[in-house]
Amino acid sequence: MKITDIRATPVTVPLEAPLRHANGCHWGRFVRTIVEVDTDEGLTGLGEMGGGGESAVAAFNGLKSYLVGRDPARIEEMRFLIANPTASLYNNRTQLLAALEFACLDLLGQKWGASVSDLLGGRLRDCVPFASYLFFRYPNPKDGAGEVRTPEQLIANALELKRKYGFTSHKLKGGVFAPEYELDCYGALAAALPGDRFRFDPNAVWSAEQAIWFGRQIEGIRNDYLEDPVYGLHGMRRVREKLRTPLATNTVVVNFEQLAANVLDAAVDVILLDTTFWGGLRQCVKAAGVCETFQLGVAVHSSGELGIQLATMLHLGAAIPNLSFAADAHYHHLTDDVIEGGKLQYKDGAIEVPKGPGLGVQLDREKLCEYHEMFLRLGNYPYDQDPLRPGWTPVLPNDRWADPSDGRIPEIPF
Ligand SMILES: [Mg+2]
């Protein structure tokens, strides 16, 4: 089989409401680039890439001359072809590699009649459990609904998600307001959902001292882990020395060099594997093997996803033995998807791993067209800017918190 073309299409899919985070905001929508890899055997493999609210079409078009004519089965060779570690000093293409790896695995699965999780060693579970991913949210500019700013709104949102989807783990994305206010929110959330499990992620914006203070306040909560309280392996190590709650990261252990450093001198207990950040599913499976050997915890990270990327997360979650925690997904914040049959469904807090060959999902051409037109209409958005705090530049550690009494609605085109 030979690759004959690579087609990339940017799409914009609306979110229920803008999602606030430590560095800015998802402005009421996700921009994703859908990748189709065509072959001379008539099969097409699917990939997907996100990014900071921007289209990646130009980057994929630039890789056509590397990949057309090549065998999609040579995935390991592709890693060195487009993401050689020393050449990456100039061209960091890890995320592009990931999207192309998804498409190649999808192609091979289709050709061989095997699902991607079969290619990764076979599935150990048919459903992957997910945590509710709770964000502070601006109101939807269209109808003013969906705001999450107060503890009461947060609890109402969590209870609704639990009722609709069956979540028993809950992640709160913080780093937006001062840690004292977010501690009140997190404590209220845990008190409102007795028996459930919780995790908190301020996106590394605290000082080590703030992180140690916060971590000690939450020791009575059934925490899965405290995620990226500070930036850097050394900072995480300082915090970890003072806390009993496990620390997790999707920020400072995202490659094998960092994983080795963390094994040699532990700074993090739980490695959150992201099929995009690590450069593909196979890299994540390899990393999970290292974590299994050294008894580090593993979970599946979400960097934002539509159904294609979600399928990669499901196949990864199905194939790794040491999935210690529920996976994260932004998916329930989305209003729609570009795959056939609409959004994949949660049942009892879990999503079934697609059964068909390859990734097991197909593109809905009408939806692809509809959301491509939405991209053309709305354009990119700056993921690391806040629509209601123009000019705000978060520093590390941050001391420029948002005001929890500010209930304005951002004027964002929808
Ligand atoms: Mg995180």
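How do β4 and β5 pair, and over how many bridges? The two strands run antiparallel and are joined by six bridges. Strands pair, in the sense used here, if DSSP finds at least two bridges between them; helices (H or I, at least four residues) and strands (E, at least two) are DSSP runs, numbered from the N terminus. The model is predicted, so local features need pLDDT of at least 70 and side-chain atom pairs count only at pLDDT 80 or more, while totals for chains, interfaces and linings use all residues. Residues are numbered from 1 along each chain as its sequence is written.

Strand β4 is mostly covered, as nine of its 11 residues are buried. Here a residue is buried if 20 or more other C-beta atoms lie within 10 Å of its own, exposed if 12 or fewer, and partly exposed in between, with C-beta atoms placed from the backbone.

The contact draws 37 residues from domain 1 and 37 residues from domain 2, two residues being in contact if their C-beta atoms, placed from the backbone, lie within 7 Å. On the side of domain 1 that touches domain 2, at least two residues each come from β1 (3-14), β2, β4 (29-39), β5 (44-49), α3 (75-83), α4 (94-112), α5 (116-119) and α13 (365-378). Helix α4 gives the most to that side, with seven residues. Sorted by class, the side of domain 1 that touches domain 2 holds 21 nonpolar, nine polar and seven charged residues. For this tally, Ala, Val, Leu, Ile, Met, Phe, Trp, Tyr, Cys and Pro count as nonpolar, Asp, Glu, Lys and Arg as charged, and the others, Gly among them, as polar.

Next comes a mixed, open sheet of nine strands, ordered β3-β2-β7-β8-β9-β10-β11-β12-β13. Its edges are β3 (24-26) and β13 (297-300), each of which pairs on one side only. Neighbouring strands in this sheet are turned by 35 degrees against each other on average, direction ignored. Axes are lines fitted to C-alpha atoms, for helices over the stretch in contact, and angles run from 0 to 180 degrees between N-to-C directions. Helix α7 packs on the sheet, where it touches β8 (169-173) and β9 (197-201), and its direction makes about 165 degrees with that of β8. Helix α11 (residues 281-293) lies across β12 (270-273) and β13, at about 170 degrees to β12.

Within this sheet, β2 (residues 19-21) and β7 (residues 132-137) are antiparallel and joined by two bridges, and Arg-20 stands opposite Phe-136 of β7. Strand β11 (residues 247-249) runs parallel to β12, again over two bridges; Thr-249 has Ile-271 as its bridge partner there. In a regular strand the side chains alternate between the two faces of the sheet. In β12, Val-270 and Leu-272 point one way, Ile-271 and Leu-273 point the other way, and all are buried.

Strand β7 also holds Tyr-133, which is buried, with 23 other C-beta atoms within 10 Å. Leaving out neighbours within four places in sequence, the contacts of Tyr-133 are Lys-171, Lys-173, Ser-302, Asp-328, Ala-329 and His-330. Gly-144, by contrast, sits in the loop between β7 and α6 (151-165) and is exposed, with 12 other C-beta atoms within 10 Å. Not counting residues up to four places away in sequence, Gly-144 touches Pro-139 and Ile-409.

Helix α8 (residues 208-217) has Ala-208, Gln-210, Ala-211, Phe-214 and Gly-215 buried. Seen down the axis of α8, these buried residues fall within an arc of 155 degrees, so they line one face of the helix; the arc is that of the directions from the helix axis to the C-beta atoms. They pack against α7 (179-192), β10 (223-227) and α9 (233-242).
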